[in-house]
Amino acid sequence: MSRPEPLLSCCLSAGYPDKPDILKQAKLEVYAEEVLGLAGPSGSGKSTISLAILRLLSRSCRVEGSIRFCGQDLTRLSERAMREIRGRDIALVLQSPLSALNPALPIATQLREAWRSHARTDAQAEAGRIRELLENVQLPTEASFLRRYPRQLSVGQAQRVLIAMALLHRPKLLIADEPTSSLCSCFTRYIRRSAWASSCSASVPSPG
Ligand SMILES: Nc1ncnc2c1ncn2[C@@H]1O[C@H](COP(=O)(O)OP(=O)(O)O)[C@@H](O)[C@H]1O
Ligand SMILES: [Mg+2]
């Protein structure tokens with residue numbers, strides 16, 4: 001029986017002006033229900049490839065190659081179409097949890113905005129889904145916690161909020177950039193056992 005099409009298949013080169021390329025035809029394929037781990041030293045391009053897939057790199061970065069996701073070539077989509085995909089079909093947990101959250105808004109507002117960016121439901125369904133996700137990542141669900149601003153969270157709590165946010169819309173693909181770096185070791189073990197149990201891995205070579 002032939003293998004189904006990969007969920008994501010890309011081959012990317014990327015670099016900044018007057019610097020050696022960060023990615024040189026970096027190829028990866030991810031199939032549904034598969035976990036792919038990228039390993040490599042600091043500066044080898046792990047975050048760059050995550051951001052390139054979602055077309056979130058700064059304009060100064062030259063990106064070439066192909067990104068096929070669910071039968072679509074993401075390099076050819078309009079920015080508006082990409083916004084529909086980000087957070088709904090492909091979610092990203094960024095590397096620095098506190099800087100990924102908006103410092104001026106309570107986390108309840110940020111979770112609600114993340115939900116409403118792709119869903120139209122009544123307030124009860126919205127609150128139910130947010131509560132379910134917070135419980136999944138072992139965060140408190142009471143109003144006093146939800147009223148907190150990011151500065152009132154520990155880094156580990158902020159990272160869990162980001163993980164909950166990323167899972168809100170049950171994305172087909174979850175990209176997690178060092179998702180366990182700020183978590184206590186018991187929660188890291190829990191994450192590894194459940195969502196990110198490594199079943200296969202690829203590695204990014206050192207630059208240069
Ligand atoms: N805006 C930028 N301008 C120039 N170089 C950058 C920029 N962002 C990242 N880089 C460089 O790209 C390389 C890869 O970075 P990154 O993808 O963050 O690596 P990793 O996530 O593997 O640690 C690094 O050498 C980094 O300094
Ligand atoms: Mg990185």
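A residue is counted as buried if 20 or more other C-beta atoms, placed from the backbone, lie within 10 Å of its own. In this predicted model, buried residues by that criterion account for 25% of the 208 residues in the protein. The protein contains eight helices and eight strands, and among its contacts between residues at least 6 apart in sequence, 70% join residues at least 24 apart.

**Sheet**

- Four strands form an open sheet in the order β2-β1-β4-β5, and their pairing is antiparallel.
- Strands β2 (23-30) and β5 (72-73) stand at the edges of this sheet, where each has a single partner strand, so that one side of each is left without a neighbour in the sheet.
- Strand β1, which covers residues 8-15, runs antiparallel to β2 and is joined to that strand by six bridges; within this pair of strands, C10 stands opposite L28 in β2.

**Helix on the sheet**

- Helix α1, made up of residues 46-53, packs on the sheet and touches β1, β2 and β4 (62-69).
- The direction of helix α1 makes an angle of about 115 degrees with that of β1.

- The residues around ligand 1 include the run G43, S44, G45, K46, S47 and T48, together with G40 and S42.
- Y16, I22 and S58 also belong to the residues around ligand 1.

Terms used:
Residues are numbered from 1 along each chain as its sequence is written. Chains are lettered from A and ligands numbered from 1 in the order in which they are written. This is a predicted model: local features need pLDDT of at least 70, side-chain atom pairs count only at pLDDT 80 or more; totals for chains, interfaces and linings use all residues. Two strands pair if DSSP finds at least two bridges between them. Helices (H or I, at least four residues) and strands (E, at least two) are DSSP runs, numbered from the N terminus. Two residues are in contact if their C-beta atoms, placed from the backbone, lie within 7 Å. Axes are lines fitted to C-alpha atoms, for helices over the stretch in contact, and angles run from 0 to 180 degrees between N-to-C directions. A residue is buried if 20 or more other C-beta atoms lie within 10 Å of its own, exposed if 12 or fewer, and partly exposed in between; C-beta atoms are placed from the backbone. A residue is near a molecule or strand if its C-beta atom, placed from the backbone, lies within 6 Å of it.
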